[in-house]
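Subject: Structure for you to look at

Hello,

Here is the structure I promised to pass on. Please open it alongside this message, and my notes will follow below.

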Amino acid sequence: MKFFENVFTYDYSFPAVSLAYFLRYPNPYSRHVLTTDVIDRYVDPKTQRLHTIRLHLKKSKVPSGILKLLPKGMGGSDNSGQSYILETTIVDPREGWMESESRNMEWTGILSVVEKQVYQRQPIEGALYSLEGLSLDDKRGEQTTVKTTVTFRSRFGQGKLLGRRKTEAIGDHNGEIEDDAPKKGFFSSLSTAGIQRTIELIGVKRTRDAVLKSKQGMNIVLERLRNGGIVGVLEGMRQDREAAFGHEGPWKRVWARGHAHIEDDDN
Amino acid sequence: MAASIAPECNDIKEKYDTCFLKWYSEKYLRGHTASNECEELFSKYKTCLHKALKEKGIDSMLDDARKANSESDTEFLRRS
């Protein structure tokens, strides 16, 4: 098991950051996010906290480094280049915090990635907080910190007993463990622990880039929110889409048009 | 606005998303947490989406993943 941890501070108020979170796709750094849907959403009548469950479809391939470790066909043949991510969010506007958890829904037997984020309003010395009249982004001095923790766990090649014991300790679901058992035979001559460590390390490396991109995307959305409100964010999305895909929508990319419009594209 | 996994749900999703963002920013974040005027739109969007998820066979995978998440929900609620 491997961890990635990062703490970052946005120079924006908590309401602005939490709104940007729900509004963050699409942005120029999220071209890999194909679709976003709200599966469930409700306000808990006791706590008044808003619970949201979303399903994201992202372009994502099993990294080639991991593919090399797998038996032929595994992870490759059914790897459509897309993966489903389940995101659960709880917001408490009175206490000024938001927590989110995102996890991959497929190939969790190879690598299970769980990202947890805790957003927290940072109190300003001497400031009085009352929700009444709290504007989205009035207090230019207000900051919001976010702590990101990503857990990588490869159960690759693990037997049933070991898998179940770990599962109970960590609270993951049991559905994948049975799948793992038959694969063990392929790797009897290899060090299972070594392969797991390698898979987990590749996951950590990719996550560093992903966390940075996600921050850059949030900052763009926050800036648009400050300058033009929600309308400003939506207008920005429309322009991004035109620049990237032309008028045909994401399924028919028009690369020539995209390049013509993005002059400082350094990709 | 982000596209839906089911293109046929895009219209109702956009209506719901717009309603939600307005309610979230103008009411919920300002302490008016009780009401939710987007319920009707959400219910229409959910009906459309669930049909599509079932057709794509994603619904059962989703149920499993949500079960995995429920323990974390309990953790969240224990906070504060």
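What follows is a short tour of what turned up, from the overall layout to single residues.

Please keep in mind that this is a predicted model. Chain A has 6 helices and 7 strands, and along the sequence they run in the order β-α-β-β-α-β-β-β-β-α-α-α-α. Of the 267 residues in chain A, 36% are buried. If you take the contacts in chain A with a separation of 6 or more, 63% of them are between residues 24 or more positions apart.

The largest nonpolar core holds 33 residues, and the ones with the most contacts inside it are A:Ala16, A:Val17, A:Leu19, A:Ala20, A:Val221, A:Leu222 and A:Leu225. Both chains take part: at least two residues each come from helix 1 (14–22), strand 4 (82–92), strand 5 (97–104) and helix 5 (192–245) of chain A, and from helix 1 (10–26) and helix 2 (39–56) of chain B. Helix 1 of chain A gives the largest share, with 7 residues. As general background, nonpolar side chains tend to be buried together in soluble globular proteins.

Next, the loop between helix 1 and strand 2 (33–43) of chain A, where A:Pro26 lies. The peptide bond joining A:Tyr25 and A:Pro26 is cis, with omega at about -5°. A:Tyr29 sits in the loop between helix 1 and strand 2 of chain A as well. Is A:Tyr29 buried or exposed? A:Tyr29 counts as buried because 21 other C-beta atoms lie within 10 Å, and the cut-off for buried is 20 or more. Leaving out residues up to four places away in sequence, A:Tyr29 touches A:Lys213, A:Gln216 and A:Gly217. A:Tyr29 is also 9.5 Å from A:Ala210, C-alpha to C-alpha, although 181 residues separate the two in sequence.

Another loop residue to look at is A:Gln48, between strand 2 and strand 3 (50–59) of chain A. A:Gln48 is not a glycine, yet its phi is positive, at about 65°. With 15 other C-beta atoms within 10 Å, A:Gln48 is partly exposed.

In helix 5 of chain A you will find A:Gly229. This glycine is partly exposed, with 15 other C-beta atoms within 10 Å. A:Gly229 and A:Ala16 are 213 residues apart in sequence, but their C-alpha atoms are 9.7 Å apart in space.

Finally, chain B. The axes of helix 1 and helix 2 of chain B come within 9 Å and cross at roughly 145°, and the crossing is left-handed. On the helix 1 side of chain B, the contact is made by B:Ile12, B:Lys13, B:Lys15, B:Tyr16 and B:Cys19; helix 2 of chain B brings B:Leu41, B:Phe42, B:Lys44, B:Tyr45 and B:Cys48. Sorted by class, the residues of this contact are 7 nonpolar, 3 charged and no polar.

How values were computed
Residues numbered from 1 in each chain as written. Chains lettered and ligands numbered in written order. Predicted model: local features only at pLDDT ≥ 70, side-chain atom pairs only at ≥ 80, totals over all residues. Core = buried A, V, L, I, M, F, W, Y, C linked by C-beta atoms within 7 Å. Buried ≥ 20, exposed ≤ 12 C-beta atoms within 10 Å, placed from the backbone. Helix = DSSP H or I, 4+ residues; strand = E, 2+ residues; numbered from the N terminus. Contact = placed C-beta atoms within 7 Å. Axes fitted to C-alpha atoms, helices over the stretch in contact; angles between N-to-C directions. Left-handed = near helix turned anticlockwise from the far one by under 90°. Nonpolar A, V, L, I, M, F, W, Y, C, P; charged D, E, K, R; others polar.
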